[in-house]
Amino acid sequence: MSDKIGLFTGSFDPMTNGHLDMIERASKLFDKLYVGIFFNPHKQGFLLSKIVNGG
């Protein structure tokens, strides 16, 4: 029998409690859950600030 695999993607910039809640809920529905984090150059959030300012 194969594992149920889930994929949850987004820029998550900024990561919110709502995102964390969705990830937690989804993790209970799948044997494996992959969270893909993508860079969105059109957002001026936390991630872009870290990249521009060197972390």
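Visitor: What share of the protein chain do buried residues make up?
Guide: Of the 55 residues in the protein chain, 20% are buried. Buried means under 20% relative accessible area, exposed is over 50%, and partly exposed lies in between, using a 1.4 Å probe and protein chains only. Bear in mind that this is a predicted model, where local features need pLDDT of at least 70, side-chain atom pairs count only at pLDDT 80 or more, and totals for chains, interfaces and linings use all residues. Residues are numbered from 1 along each chain as its sequence is written, and side-chain values use heavy atoms, with hydrogens and water left out.

Visitor: Which pattern does the protein chain follow along the sequence?
Guide: It reads β-α-β-α, with two helices and two strands. Those are DSSP runs numbered from the N terminus (helices are H or I, at least four residues; strands are E, at least two).

Visitor: Where is Ser-11 found?
Guide: Ser-11 sits in the loop between E1 and helix H1 (17–27). Its relative accessible area is 15%, so Ser-11 is buried.

Visitor: And what is Ser-11 in contact with, leaving aside neighbours within four places in sequence?
Guide: Ile-37, Phe-38, Asn-40 and Lys-43. Contact here means heavy atoms within 4.5 Å.

Visitor: New topic: how many aromatic pairs are there?
Guide: The count comes to one aromatic pair. The ring centres of Phe-8 and Phe-12 are 5.3 Å apart and the planes are at 35°, so the pair is tilted. Rings of Phe, Tyr and Trp (its six-membered ring) pair if their centres lie within 6.5 Å; planes under 30 degrees apart are stacked, over 60 edge-to-face, and the rest tilted.

Visitor: Are Phe-8 and Phe-12 buried or exposed?
Guide: Both Phe-8 and Phe-12 are buried.

Visitor: What about Leu-7, buried or exposed?
Guide: Leu-7 counts as exposed because its relative accessibility is 64%. You'll find Leu-7 in strand E1 (residues 5–10).

Visitor: OK, now Asp-3. Where is that?
Guide: Asp-3 is in the segment before E1. With 43% relative accessibility, Asp-3 counts as partly exposed.

Visitor: Which residues does Asp-3 touch, not counting those up to four places away in sequence?
Guide: Asp-31 and Lys-32.

Visitor: How far apart are Asp-3 and Lys-32?
Guide: In sequence, Asp-3 and Lys-32 are 29 residues apart, while in space they are 7.2 Å apart, C-alpha to C-alpha.
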